[in-house]
Amino acid sequence: MLKQLLAGFMAAVAMNVSLPAQATDGAKTVFDGEYEIATYNSTPLKVAADQFSGVASGDKLTVYFTVGSAQNYGTIDLCYGATKMACSKTKTNTRPDGNFATDVTETSATLSETADIDGLKAKGLQIKGRNVTISRIVLGGDGDNPEPPVDPVDPVEPVDPVEDAVWTGSISTGKWAEDVVIDAETFADVAGGYYLTVFVQVEAGAKYGNIELCDVAYTTLACDRTATGLDSYGCIQPGTEKLVYRLTNGDAELLRANGLRVKGADITVTAVCLSYGEPVEDEPQPEGQVLLWNGSVNCGKWANSVDIDASRFADVKAGDMLMVNVSKNSGKSYCQPEARDGSDTKLPCSDLGDNIEADGHLAAGAASVNYTLGDTDVEMLKNNGLKYTGFACTVTRIVLQQSKGTSSVDEEVPGVQPAATYYNLQGMEVKNPSNGIFIERRGMEVRKVRL
């Protein structure tokens, strides 16, 4: 055997051919080429799962790349499937903001989390980012002098419809008759900024198609009408093959809690795909607002409710506003939301909210109700907390808008009419109200008025 190896070596020397460099540290090249990733919307570089069959804890993943000229930084995220790997947060050579300077050409991360290892074995590697061109990926050892692959490994091209599919099939929606429903477990790791791609076909003979994205409890997602691929009317034109939505943080929360429902008219849905996108920041809470609850509760027929403990109302005062995001459930002719305290007693303000009609129903097309709290409401909330329930409605958010604190000028003096302060229905003070409905506050008395 030794003679055979020596003979091979001497023959190679005689022919002036360089032998491949052999790694002494067990490193393996899993990709070698040139793959540009311009933006987070670009198709990620994908390396098949069979390249990671022997991956183990402690292995190092090293990526060699160049940063492009489109921006003064580059970004790389290491993922398996649509899930960002835990080790991606520990990449070397990054700036404090997590990006790469233009002169950086490599980064490494050490695998330690079981989820990362199992994910690579099951789904392979995806590299997402922006303004970078990947030239080589090395697994194992210290990343230097890896053993070249016998055959160059090309990135795995997406196949239709894509490896990121969370649902495939063929459902004709008819006229809003059949839905695609995907359970919440599928979206356990989803976050704001992820991309949801729906593959569709407009039915033959239809001039256009319609689509709506909801959670399973029929709460419409904020991204619903924002997809690339929709026309200016929010419709799907014949020939459109896919719609790409970017999820908000609120959308992600609804999907994690309730799953996804895709509704439509005159379309056939063939796949739904989920892929990683750069995280989006939470919108700052407006001044004076306190988020009491966020989620999704379908009240059914008065069967379910959002319950908030009395301790959350310790500082509430008359003139504060309870702002509730609530909407009518799909297929129902009306809905009736109701604000109660924790003892199941209806709050006096419940019938006085904006968008509440005389019969107690939510006004057609409304998606929120604002209740201005009076003295009795405040006392009940402080003692018993809030129970928000109703018929055929879904609640997704409850916020307390605090009014400005009272001063000695606001205190009532016997025989003297207190000065009035006016607020719009969003709880913002209005100096010179006219031509509309406003909240009037005189001392401790609060009422809705038309001016």
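Here are some friendly notes on this predicted model, meant to be read with the structure open beside you.

1. **The whole chain.** Let us begin with the overall picture. The protein chain has 451 residues, and 46% of them count as buried. Its secondary structure comes to four helices and 26 strands. The accessible surface of the chain is about 22,800 Å², and carbon and sulfur atoms account for 49% of that area. Take the contacts between residues at least 6 apart in sequence: 78% of these join residues at least 24 apart.

2. **The largest nonpolar core.** Which residues touch the most other members of the largest nonpolar core? They are Leu 322, Leu 386, Tyr 388, Val 395 and Ile 398, out of 34 residues in that core. Several elements supply at least two residues each, among them β16 (289-298), β18 (321-328), helix α4 (375-384) and β21 (386-391). Strand β22 (393-401) is also on that list, and β22 gives the most, with four residues. There is also a second, separate core of 33 residues, which includes Cys 79, Ala 227, Leu 247 and Val 269.

3. **The sheet with β22.** Now find the open sheet of four strands in the order β16-β22-β18-β20, where the pairing is antiparallel.

4. Helix α3 lies across β16 and β22, and runs at about 40° to β16. Which residues of α3 (residues 249-258) are buried? They are Asp 251, Ala 252, Leu 254 and Leu 255. Looking down the axis of α3, you will find these buried residues within an arc of 160°, so they line one face of the helix. The cover over them includes β16 and β22, together with β12 (210-215), β13 (242-246) and β14 (260-265). After α3 comes Gly 259, with a positive phi near 85°.

5. **A second open sheet.** Another open sheet has four strands in the order β2-β7-β4-β5, again with antiparallel pairing. Here β2 (45-47) and β5 (83-84) are the edge strands, each with a single partner, so one side of each has no neighbour in the sheet. Three bridges join β2 to β7 (residues 125-130). Across this pair, Lys 46 stands opposite Gln 126 in β7. Helix α2 (residues 114-123) packs on the sheet and touches β4 (75-80) and β7, with its direction at about 75° to that of β4.

6. In α2, the buried residues are Asp 116, Ile 117, Gly 119 and Leu 120. Seen down the axis of α2, they fall within an arc of 165°, so they line one face of the helix. What covers them includes β4 and β7. On the other side of α2, Thr 114 and Ala 122 are exposed. The helix is followed by Gly 124, where phi is positive, near 80°.

7. Is Ala 227 buried or exposed? At 7% relative accessibility, under the 20% limit, Ala 227 counts as buried. You can find Ala 227 in the loop between β12 and β13. Not counting residues up to four places away in sequence, Ala 227 touches Leu 243, Val 244 and Tyr 245. Thr 197 is 30 residues from Ala 227 in sequence, and their C-alpha atoms are 8.8 Å apart.

8. **Another loop residue: Gln 402.** Where is Gln 402? It sits in the loop between β22 and β23 (420-423). Gln 402 has a relative accessible area of 33%, so it counts as partly exposed. Leaving aside neighbours within four places in sequence, its contacts are Gly 288, Val 290, Lys 317 and Asp 320. Gln 402 and Asp 315 are 87 residues apart in sequence, with 9.4 Å from C-alpha to C-alpha.

Methods:
Residues are numbered from 1 along each chain as its sequence is written. This is a predicted model: local features need pLDDT of at least 70, side-chain atom pairs count only at pLDDT 80 or more; totals for chains, interfaces and linings use all residues. Side-chain values use heavy atoms; hydrogens and water are left out. A nonpolar core is a set of buried Ala, Val, Leu, Ile, Met, Phe, Trp, Tyr and Cys residues joined through side-chain atoms within 4.5 Å. Buried means under 20% relative accessible area, exposed over 50%, partly exposed in between (1.4 Å probe, protein chains only). Two strands pair if DSSP finds at least two bridges between them. Contact means heavy atoms within 4.5 Å. Axes are lines fitted to C-alpha atoms, for helices over the stretch in contact, and angles run from 0 to 180 degrees between N-to-C directions. The arc is that of the directions from the helix axis to the C-beta atoms. Accessible areas come from the Shrake-Rupley method with a 1.4 Å probe; for residues, only the protein chains shown count as cover.
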